[in-house]
Amino acid sequence: MNHSHLRNHRQVAGIVSGILSSHLAPARRFCVKSIPLGAQSGATLDAWLRSPTLDILQELQLYEPQKLPPAQIFRSSPTLRILDTGGFLLPDSTIQGLQLPHLKQLGFYNVKISEHSLHSLIDGCPALEYLLMTWCLGFRWLRINSHTLRALAIDNSYAQRRDVQLNKLIIDNAPCLERCDLDQPDRLVFGSTVIQVLRIDKLAMVVRTVKIVAVQMKALSLDTVIDLMTCFPCLEKLYIQADKSEPNNLWRRKHQNLIKCIDIPLKTILLESYRGIKSQVDFVTFFVLNAGVLELMTLVVDSKHYSEEFLAKTT
């Protein structure tokens, strides 16, 4: 609904309430984004979610549900397939005993939830395929044991240091996992393989199902990426965000034996914050010369670095 021409929140609330009350058939999807509802937003959203029209809701997208009892978000838990929400504290009492048997996609944005509740929630989603968590707090570790999970994305890049946030991710069993988007947890465990700050500390097994990885690094490091390729030998797409680059990414002598004995399966590489400095050029050159099936390499240049001087240096 385009509400830009409406004068106040009462008009918006009235129109949505009217639509819900006059809609005779069950609704499949309900999405509320940035709608101005004023001081009574909690009561308004609560009334909407209690509407019989939403009794068998399948998709719910609800952002910043101010003053809304979190339990109301899960009112359609028996039928929900997609839940994308955030901006609240999720108490243990709400999650206790919660079951979402058909939920395939769970997206949390700026949600505070305890470790116990988070694991209980995931355990109550036996069909979960996509787990997306952005700026979520309240838990220091997360254990994944899922036969259905295909994609996992976690981004805590803007969390404050004083916040209780994820620093250890353990993937015990995820045979269908194909994609990992990770904001560099301190410790990542795949079965018996331990990756410490994106460096393999103990390689006891490889994960062949993962074909797409997106990582945020403090410093662009070829050694780190080679470690990741060792852990994920079937990796086809790699997306990298790095705040800075290591002093050098020299490889001709250091990795000459590695080049002879492995095939690099990467087809797509995207590198953000490219500035054309030597360590980045060395990194890119390694894959251009040695990734035999590489189809696409994208170098994203920040607007602040894009200039005639940059173009002259890189062409």
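Predicted model: local features only at pLDDT ≥ 70, side-chain atom pairs only at ≥ 80, totals over all residues.
User: Before we start, what is a nonpolar core here?

Analyst: A nonpolar core is a set of buried Ala, Val, Leu, Ile, Met, Phe, Trp, Tyr and Cys residues that are joined through side-chain atoms within 4.5 Å.

User: OK, and in the largest nonpolar core, which residues touch the most other members?

Analyst: The largest nonpolar core has 76 residues, and among these Phe108, Ile240 and Phe287 touch the most other members. The largest share of this core comes from helix α6, which supplies 6 residues.

User: What is Phe108 in contact with, leaving aside its neighbours within four places in sequence?

Analyst: With those neighbours set aside, Phe108 is in contact with Phe74, Thr85, Leu90, Ile113, Leu121, Leu132, Met133, Thr134 and Cys136.

User: You mentioned α6. Where does that helix lie?

Analyst: Helix α6, residues 222-231, lies across β13 and β14, and it runs at about 155° to β13. Those two strands, β13 with residues 212-220 and β14 with residues 237-245, pair with each other in the parallel sense over 8 bridges. Within that pairing, Gln216 has Gln241 of β14 as its bridge partner.

User: Zooming out, how many strands form the open sheet, and in what order?

Analyst: There are 11 strands in the open sheet, with parallel pairing, and the order is β1-β2-β3-β4-β5-β7-β9-β13-β14-β15-β16. Strands β1 (29-32) and β16 (296-299) stand at the edges, and because each has a single partner strand, one side of each is left without a neighbour in the sheet. On average, and ignoring direction, neighbouring strands of this sheet are turned by 15° against each other.

User: And over how many bridges do β2 and β3 pair?

Analyst: Strand β2 (residues 59-63) and strand β3 (residues 82-89) pair in the parallel sense over 5 bridges, with Glu59 standing opposite Ile82 in β3. On the other pairing, β3 joins strand β4 (residues 105-112), also in the parallel sense, over 7 bridges, and there Phe88 stands opposite Val111 in β4.

User: Different topic: Asp155. Is that residue buried or exposed?

Analyst: Asp155, which lies in strand β7 (residues 151-155), is buried and yet has no salt bridge. The nearest side chain of opposite charge belongs to Arg179, and that side chain is 11 Å away, whereas a salt bridge would need a side-chain nitrogen of Lys or Arg within 4 Å of a carboxyl oxygen.

User: Then what does Asp155 touch?

Analyst: Not counting residues up to four places away in sequence, Asp155 touches Met133, Thr134, Trp135, Asp183 and Gln216.

How values were computed. Residues numbered from 1 in each chain as written. Heavy atoms only, no water. Pairing = 2+ DSSP bridges. Helix = DSSP H or I, 4+ residues; strand = E, 2+ residues; numbered from the N terminus. Axes fitted to C-alpha atoms, helices over the stretch in contact; angles between N-to-C directions. Contact = heavy atoms within 4.5 Å. Buried < 20%, exposed > 50% of the residue type's maximum accessible area, 1.4 Å probe, protein only. Lys, Arg positive; Asp, Glu negative; His and termini not counted.
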